[in-house]
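Please open the model in your viewer and keep the selection tool at hand. The stops below are meant to be taken in order.

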Amino acid sequence: MRLSKEAYQDKTINTFFEDGRLLRLPAKEKKKRAILDFLIERFEESIIYVEQEVNEVLLEFTDDYTSIRRAFIDYGYMERDNRTGDYWRLSG
């Protein structure tokens, strides 16, 4: 039986989070994307964030916020203005 996207995400969250904290970022792409999908929901599409704001949101879930921030960029969840250091969530 194949899980729905939401059920798969819930199962992945339950596996890789403990007490609301991310234990580690999964190596498998599908699981990694499920975690990133969950975390990106903490950011609104119409807001520009400074790096410190992104860090503060991610620190609620992991001390390794830099890896998540980089994954957001690498996987197309966010873009960054290298000149100003501003971040914004991409739609989709």
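This is a predicted model: local features need pLDDT of at least 70, side-chain atom pairs count only at pLDDT 80 or more; totals for chains, interfaces and linings use all residues.

Residues are numbered from 1 along each chain as its sequence is written, and side-chain values use heavy atoms, with hydrogens and water left out.

**Helix H4**

Select residues 65–74, which form helix H4; helices (H or I, at least four residues) and strands (E, at least two) are DSSP runs, numbered from the N terminus. Colour Ile 68, Arg 69, Ala 71 and Phe 72, which are buried; buried means under 20% relative accessible area, exposed over 50% and partly exposed in between, with a 1.4 Å probe and protein chains only. These residues lie on the same side of H4, because they cover an arc of only 160° around the axis, the arc being that of the directions from the helix axis to the C-beta atoms. On the face turned away from that buried side, look for the exposed residues Arg 70 and Asp 74. After H4 comes Gly 76, with a positive phi near 80°.

**What covers H4**

Next, show strand E2 (21–22), helix H2 (29–40), helix H3 (51–59), strand E4 (78–80) and strand E5 (86–89), which are among the elements covering the buried residues of H4. Now centre on Phe 72, which, not counting residues up to four places away in sequence, touches Leu 36, Leu 39, Ile 40, Phe 43, Leu 58, Tyr 77 and Met 78; contact means heavy atoms within 4.5 Å.

**H2 against H4**

Keep H2 and H4 in view: they pack at an angle of about 100°, with their axes 11 Å apart. Axes are lines fitted to C-alpha atoms, for helices over the stretch in contact, and angles run from 0 to 180 degrees between N-to-C directions. H2 and H4 are therefore roughly perpendicular to each other, a term used for angles of 65 to 115 degrees. Leu 36, Leu 39 and Ile 40 of H2 meet Ile 68, Ala 71 and Phe 72 of H4.

**The core**

Select Phe 17, Leu 39, Phe 43, Phe 72 and Met 78, the residues with the most contacts inside the largest nonpolar core, which has 21 residues. Such a core is a set of buried Ala, Val, Leu, Ile, Met, Phe, Trp, Tyr and Cys residues joined through side-chain atoms within 4.5 Å. Helix H1 (5–16), H2, H3 and H4 each supply at least two residues of this core, and H2 gives the most, with five.

**Thr 12**

Finally, select Thr 12 in helix H1. Is Thr 12 buried or exposed? Thr 12 counts as buried, because its relative accessibility is 4%. Leaving aside neighbours within four places in sequence, Thr 12 is in contact with Lys 31, Ala 34 and Ile 35.

Methods. Angles under 35 degrees count as roughly parallel, over 145 as roughly antiparallel, 65 to 115 as roughly perpendicular and the rest as oblique.
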